[in-house]
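Me: I'm new to reading protein structures. Could you walk me through this one, feature by feature?

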Amino acid sequence: MTMPASRVARPSTIEEAVRLLADNGPEAVIIAGGTDVVPNLQMKLFAPRVLVDIKPIRVLQGITIAAAGALRLGALTTLTEIVGSPLLQASYPVLVSAAATIAGPLQRNMGTLGGNLCLETRCLWYNQSHFWRKALGGCLKKDGDVCHVAPGGKRCWAAWSGDSAPALLTLDAEVEITGPRGRRRLPLAQFYLNDGMNRIALGRDELVTSVYLPARTAGRRGIYHKLRIRDSIDYPLAGVAVTLEVDRSGVCREARVAITAVNPAPLLVKEASEWLVGQRYSAELVDRVAHAAIRTGKPLTTSASTPVYRREMVRLFARRALEEAWKNGNA
Ligand SMILES: Cc1cc2nc3c(=O)[nH]c(=O)nc-3n(C[C@H](O)[C@H](O)[C@H](O)COP(=O)(O)OP(=O)(O)OC[C@H]3O[C@@H](n4cnc5c(N)ncnc54)[C@H](O)[C@@H]3O)c2cc1C
């Protein structure tokens, strides 16, 4: 599986990267760690004229304290840096818990947070070699006009299958996006469009430059649980992130539950905060929220596992993560 012939451009500033993206439009693709984009190039999912390698842009690296006590994570922060950061371990454990499950150590050394948030979608029919796809006549997202997952519809159901986003959703994170018109900040929940064809709210001439974690969510107890075929390396088939703030008397003061890999976007379970805040732990309440999680998740036949099993695992993970977080609730 050879790479298509592309020119590699190596901008050293954000402005230069934006100019390259604007000048080359759909013919340009960003590469950061390359751990997702390179296999996709080898499978001929796209064949850009220019690969914009953003790794030389130093200001995109590292973890720093920003205004109002927020934490800024540059888009090029690697997953290994996240897992090993004492600051994140102490203040935002759910992100560390999720990042530690991403791929294997080699991909975590290369892979970046920005790349993880902007991952391509995954689907049994889309993430295949050119030869395999051609034999099937393509699919709605690539070279065809049928979604093999839901053949009657006009929508692409490829699953968005990243692990850091659900954790960041439970921390009310924001993404900073930079383009020709300057910088803008967007709640992460609005960054994902829940559409397999058009997965993120990012223009062709824009890049993700930072992720911000607000001070108010620092210290929240958090856990991420993930289903995958091989625990040592695979993308999620389902994942659930939970953050809770529980006071000394055992009453829940803040709660978020988010799911991944079972829809074309990572999603917050809307009912979770509403039902949990102001309540004490009870098995019935946790079961109700776990049930809301499986109503939010719509796993279809996009992966090697069955939709029924993935739904059940979402329920189990939600229940287990809520129980664990509640028992260790931070006062
Ligand atoms: C064997 C294997 C297993 C994997 N398992 C997992 C897993 O379990 N969980 C998981 O989440 N991922 C997994 N991955 C995918 C990948 O390793 C990680 O998601 C990684 O974080 C991607 O980051 P990257 O820097 O390598 O992204 P790249 O491959 O460089 O880019 C990924 C996508 O993001 C875009 N992009 C990159 N940076 C930016 C930016 N700053 N702004 C805008 N767009 C950008 C690229 O154009 C591309 O579309 C796996 C990959 C492999 C090969």
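Predicted model: local features only at pLDDT ≥ 70, side-chain atom pairs only at ≥ 80, totals over all residues.

Me: Let's turn to the ligand. Which residues come nearest to the ligand?
Reply: A residue counts as near if one of its heavy atoms lies within 4 Å. The shell around the ligand has 35 residues, and Ile30, Thr35, Thr112, Asp163 and Lys226 come nearest. By type, the shell divides into 18 nonpolar, 12 polar and 5 charged residues. Elements that each supply at least two of its residues include β2 (28-31) and α7 (113-117).

Me: What lies 2.7 Å from an oxygen atom of the ligand?
Reply: One case is an N or O atom in the side chain of Thr112. A backbone N or O atom of Val37 also lies 2.7 Å from a ligand oxygen. For Ile30, a polar backbone atom is 2.6 Å from an oxygen atom of the ligand. The protein buries 93% of the 980 Å² that the ligand exposes when taken alone.

Me: Why does the ligand lie between domain 1 and domain 2?
Reply: Domain 1 (1-57) and domain 2 (233-327) both give residues to the shell, so the ligand lies between them. The C-alpha centres of these two domains are 36 Å apart.

Technical notes: Residues numbered from 1 in each chain as written. Heavy atoms only, no water. Domains from an automatic or database assignment. Polar contact = N/O pair within 3.5 Å; in protein donor to acceptor, adjacent residues only side chain to side chain. Areas by Shrake-Rupley, 256 points an atom, 1.4 Å probe, with all protein chains shown as cover. Helix = DSSP H or I, 4+ residues; strand = E, 2+ residues; numbered from the N terminus. Nonpolar A, V, L, I, M, F, W, Y, C, P; charged D, E, K, R; others polar.
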